[in-house]
Amino acid sequence: MFGILLKLGEMGEIFRDPALLARSQSAISWSMILAFSVASLDLLIGLPLAWLIVRSNPTLGSVVDTLADIPFMIPTVALGFSTMIFWGPQGPLAPVFGGAFLTPGLVLVVLLHFAFSLPVVVRVMVGELSGYRETFEIAAKTLGAEPLTAVRTVTLPILRPALVASFLLSFARSLSETGATIIVAGTFENGPVFIKNVKDAGLEGALSFASFVLIVGSIAAFVLIRYLGLRLRLPVSKVWPETERKLSGQRAVLARDFTVFAVFAVIAIAPSLFIALPSGQAVFDGTLSEALSGRGVWETYWQSLILSYVIGIIATVVNMLVGMPMAVLIARKRLGRQRTSLIDALVDIPIVVPSVALGASLAFFWRTVGALPELLILTISHLTITYTYFVRTMSASIESVPVSLEETARTLGARPLTVFRRIVLPLTKYSVLSGAILTFTRSVDETGATAAVTTKLKTAPVLLVDWIKGTVRVSSSTQSLGVAMLVMVSFVALLVLRLALRKKR
Amino acid sequence: MPSVRLVDVVKRFGTITAINRLSMEIPDGEYVCILGPTGSGKTSLLKIVAGLTIPDEGEVYINDRLVVSMPPEERGAVYVPQQYALFPHMTVLENVAFGPLSRGTSEDEALRTAREMLEMMRLGHRADSKPDELSGGMQQRVALARGLATKAKLLLLDEPLGALDARLRVELRHKLRELAKESGITAIHVTHDQAEATAIGDQIVVLRDGRIRQYATPFHVYMRPQSLFVAYFVGGANFFQAMVAERHSDGSILELNQGLLVKVQDNTYLPGEEVVLVIREDRVNVAEPGEQIPSELYNVVQGEVLSSRFLGEFISCQIRLANGDLLTSRTPTSKTDRLLPAGQKVIAHFEPSDTTVYSYPPIGLTRELRVL
């Protein structure tokens, strides 16, 4: 954050260039509009989908549940590429419409953002709904409420904090995403794309101005949504028995489930999986052997991939060490209620703030502190960006361990460290694993901040953006294979996670 | 062998004072029950002794050693919380061995102690089970075995029977006491159930708003409650607002609602003073009209039955007295098996020696007796 303030002086530059200023303002406004619409859309589709997963027949539920994670497992850059070719001239829809159904631009950006942020809403709401005690709803129904009325006036208001939280998460994802957005944006610019573009053009003043406004704006939007979301009055006292009965009917429910599933399949799942097709071709046209030989562009590809994983591993290990005490601090409110809730809010900043703006800020800050090597700055920025994930996962998990277990263990004669090692850690080990994998994949996935920080070094997603945007000229099957290999690793990591978590149940 | 002493202990949580300048002493080997309503500070008191809560003021001594700044693991006071806090990821045996292991005992030794304790609790066959596979009663025994395995001589039990079903609660009362006495343990047992406290404790501490209201044997707490609140909380009593009419050397005459006069043994209050008259329900006798009543009886009042209920060992009868006040009686089923019908005219009578008198509380009777 301080990095931006250091550049406050240079920000003046942009005010001498009205065209640039207008461009940046429009980009940032679009960012907000986009994030808001995408998050609303996510809730509209994600909530009924979560409902389908939790309340319908278990087999269907678990299939949809697994499918819903797919866009989440794929690095966003890969998702962007996949989405682009799915809707593009080589896509399955092209023959039907005689050419590309959609070309890069605003609409494609919306579809992309919808696809990668939907899993967040589904995940949060599935968790909430399966923990929700249905007795409230049953009580409402025995008191004479139609199913829809019961849900609208009882269940949803009770789940309101979760609804707001999932809205905010998808809002943040949309606001922050850079790599994939660049791929499908065409001439459209939102905040992160604008920042990337002015950085490439070497306009530091505009860069710091846009970053500053984006950071402040996103924090403000966050606070505002959280405040209004939890306080806005809902029309829970009004009931329309006739209409609501019709809407609760079997036919209406079936129509709803079908629509939701269709939207989910066509907009989120199909484009995510489409990458398999062109990359499959790449295996047979000789690109694979070329890749494995590591010649030409592939040399830099492998270097980038290794760089990505090394940074990912460092970020994960360091964040585990640094994040664990913080997680304990938050979960156990060690600093008192008020100070803890302040720290709690601060911990969220790295995910609230768009990563490209954060990256710019971090780069300014660390360069001012000293002439640090680029690799170090890159690693530090990944640490910052992924910090929240481990702390959040762990603090939630530690909070679920009853304090009385720790207290009893102490009175039985165990030292605080023994209590942590023998009681808390074994009880939260799955969260340690999932926190670590989340941190790792998030780091490998990160494009915006990395692009903002580095000048020479390129991690795999950044390199792929260059390939796809044509900054570096490569064949289309090279693009596909490069993306597919990045996807593979994320898939494996998340598969391990799912298997581990399944064992728990 | 531990004794526990608290001196002027104060604990505040924000604006709430959980423990309000509390002092008490528990002699070695005693089984003490802390009795009080929800929010009276029972659990806070226990946690202060355990070292899990640090008091804002005052001193805590275990075995005459000041322990305020001593961490819980060094106090030798085992805390058993309401839901037992058995470690869910460990087997029963591992749970019981946790204490000795944490205190640096070798693994063999710790496991041997743990097995012994489980045998003693007749749980040897469940050593390899996980806690959630056991019934509530078994879990409670594991929690006790785990506490005893540490060789600690001070046991802090927070509602140890609270999570069990009604029958088991009653059965386990004397087992718990027996176990503590056999092992030579000092036990502090928190409960909100006066029958449980009466059945188990050598002494009962009645707590309210973080202060001790009475610290005495179960007999004294029941028969000679020191305050209106204790009388009310222990249960089974009638309360009447009254004024002292006359004071004699052998007692006083109180004037109740509508001028009804009652003779009591107490003569500490002056004529004109506002008082509360307490009559235990089991000391009220009920006679039907025509039944012979000895003529020297005091306190004979006409009334009408509102309802009567069969409660197993007792029959409880609610009577509206001639002056409009309500009176409840409790008659053992061994003395009567008749449920009087509503509307039945009756005569209620009681001895002056079976009454207690307290000065009228300045905050009013209802507020004084409020338990939440």
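## Domains of chain B

The C-alpha centres of domain 1 and domain 2 of chain B are 39 Å apart. In this predicted model, local features need pLDDT of at least 70 and side-chain atom pairs count only at pLDDT 80 or more, while totals for chains, interfaces and linings use all residues. Residues are numbered from 1 along each chain as its sequence is written, and chains are lettered from A and ligands numbered from 1 in the order in which they are written.

Domain 1 of chain B covers 4-230 and domain 2 covers 238-369; such bounds come from an automatic or database domain assignment.

## A sheet in chain B

Chain B contains an open sheet of six strands in the order E6-E7-E8-E3-E9-E10, with mixed pairing. Strands (E, at least two residues) and helices (H or I, at least four) are DSSP runs numbered from the N terminus, and two strands pair if DSSP finds at least two bridges between them. Strand E6 (77-80) and strand E10 (211-216) of chain B each have a single partner strand and stand at the edges, so one side of each lacks a neighbour in the sheet. From one strand to the next, the twist averages 15°.

Within E7(B), Leu154(B) is the residue opposite Ala77(B).

## Overall form of chain A

Chain A has 28 helices and zero strands. Along the principal axes, the C-alpha atoms of chain A fill a box of roughly 70 × 65 × 50 Å.

## Domains of chain A

Chain A is assigned domain 1 (9-274) and domain 2 (275-505). The centres of these two domains of chain A, taken over C-alpha atoms, are separated by 22 Å. Their contact takes 31 residues from domain 1 and 32 residues from domain 2 of chain A, where contact requires C-beta atoms, placed from the backbone, to lie within 7 Å.

On the side of domain 1 of chain A that touches domain 2, the elements giving two or more residues are helix H5 (76-87), helix H10 (160-176), helix H11 (179-185), helix H12 (191-200) and helix H13 (204-231). H13(A) provides the largest share of that side, eight residues. By class, this side of domain 1 of chain A has 20 nonpolar, nine polar and two charged residues. Ala, Val, Leu, Ile, Met, Phe, Trp, Tyr, Cys and Pro count as nonpolar, Asp, Glu, Lys and Arg as charged, and the others, Gly among them, as polar.

## A helix pair in chain A

The axes of helix H18 (residues 297-331) and helix H25 (residues 429-445) of chain A come within 8 Å and cross at roughly 140°. Axes are lines fitted to C-alpha atoms, for helices over the stretch in contact, with angles from 0 to 180 degrees between N-to-C directions. Residues making the contact include Ser308(A) and Tyr309(A) of H18(A) and Ala436(A) and Phe440(A) of H25(A). The residues of this contact of H18(A) with H25(A) divide into eight nonpolar, six polar and no charged.

## Contact between the chains

Between the chains, 16 residues of chain A are in contact with 18 residues of chain B. Helix H23 (403-411) and helix H24 (416-427) of chain A each supply at least two residues of the chain A side, and H23(A) gives the most, with seven residues. The residues of the side of chain A that touches chain B comprise eight nonpolar, five polar and three charged.

Conventions. Two residues are in contact if their C-beta atoms, placed from the backbone, lie within 7 Å.
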